[in-house]
Amino acid sequence: MTLCGKIKLTPECDCHSGAFLWFCVTVLTGGFLARSKAWWFLLCLFILNLIFYIGNIAAGKIVKYCSISKEVCIVFYSILIGALGISLSIYGIHLPIWIDTACSAMPFFMMGYMMHRHSNILVKNEKDRWLPLYALILLVICFVLIALVNNNLTKDTWISFRQNKFTYPTLLYLVGAMGLISIILIAKMIKHLPIVSSLGRYSIIVLVTHMPIIYFMKKILLEIGITGDKQDAICILLCILLSWAIVIPLCRKFLPKLCAQKDLISIEKYIQKQNK
């Protein structure tokens, strides 16, 4: 299956080696294996990491010659890349290996980077008592924005990152950003849910294994005569959860570097030696 470790590019940037290896496999197979409904995401994520990494390096160079912060450069760069992705979407131009989708997703990637590096949203602080209010306000705004365009929604309305099609790109970013922050705030309030938290922590493993499991389970259920949407859904869900109870511990134990639990390639030690 796809290998999902991380390659440490710099102390500030890393990317999933699973996406990198999937990129290699895709090239070698002429794109045939990239047709998987789930694995395209890893390839796109790898491309997105590379585009962001280029901007990160460029920003570091620019600040040496201009009186502007690196963060401002990264934000400006990410907005430009996002605008490029939306422009490609508007004109129906599709680039290979989901480069166009990676460009469209860049503002979200930048937002996550900034929240992680330059905010306390993920750590406990004195404003946490207002989390329910903040989350509620953001969700209400999201629903209001969606309601405003609800009458204009038709079967031709698109929100598809895989195909890089967006009928309302401005709404996509506004609702996407506020919805993402509200989910983070709700998750911060809940703190821990036994099964959900585990699946979230090992989401890459879940991502690359759920489709094969569903495929084989449907074949087995069909052979033993279990049919019907409800029966299939319940049986498949139980089997998937049981299989992950086995697959996740095995990956953690024997493939930690290949399932994003440890860095696959890291240059931090090399950088430390160079700085001595």
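A residue counts as buried here when its relative accessible area is under 20%. Cysteine 73, at 11% relative accessibility, is therefore buried. Keep in mind that this is a predicted model.

**Cysteines**
- Searching the whole structure turns up 0 disulfides.
- A disulfide needs two cysteine sulfur atoms within 2.5 Å. The closest cysteine sulfur to that of cysteine 73 belongs to cysteine 66 and is 7.1 Å away, so this pair is too far apart for a bond.
- Cysteine 142 is buried too, because its relative accessible area is 6%.

- In soluble globular proteins, nonpolar side chains tend to be buried together.
- The largest nonpolar core here has 21 residues, and those touching the most other members are Ile51, Phe52, Ile74, Ile81, Ala102 and Met106.
- Helix 2 (40-62), helix 3 (70-90) and helix 4 (99-118) each give two or more residues to this core, with helix 2 supplying the largest share, 9 residues.
- Setting aside neighbours within four places in sequence, isoleucine 81 is in contact with Ile51, Cys103 and Met106.
- Another core, of 14 residues, lies apart from the largest one and includes Met115, Ala135, Ala177 and Leu185.

**Helix 2 against helix 3**
- The two axes come within 9 Å and cross at roughly 140°, which means that helix 2 is oblique to helix 3.
- The crossing of helix 2 and helix 3 is right-handed.
- On the helix 2 side, the contact is made by Ile51, Phe52, Ile54, Gly55, Asn56, Ala59, Gly60 and Ile62.
- Helix 3 contributes Lys70, Cys73, Ile74, Tyr77, Ser78 and Ile81 to the contact.

Notes. Residues numbered from 1 in each chain as written. Predicted model: local features only at pLDDT ≥ 70, side-chain atom pairs only at ≥ 80, totals over all residues. Heavy atoms only, no water. Buried < 20%, exposed > 50% of the residue type's maximum accessible area, 1.4 Å probe, protein only. Core = buried A, V, L, I, M, F, W, Y, C linked by side-chain atoms within 4.5 Å. Helix = DSSP H or I, 4+ residues; strand = E, 2+ residues; numbered from the N terminus. Contact = heavy atoms within 4.5 Å. Axes fitted to C-alpha atoms, helices over the stretch in contact; angles between N-to-C directions. Parallel < 35°, antiparallel > 145°, perpendicular 65-115°, else oblique. Left-handed = near helix turned anticlockwise from the far one by under 90°.
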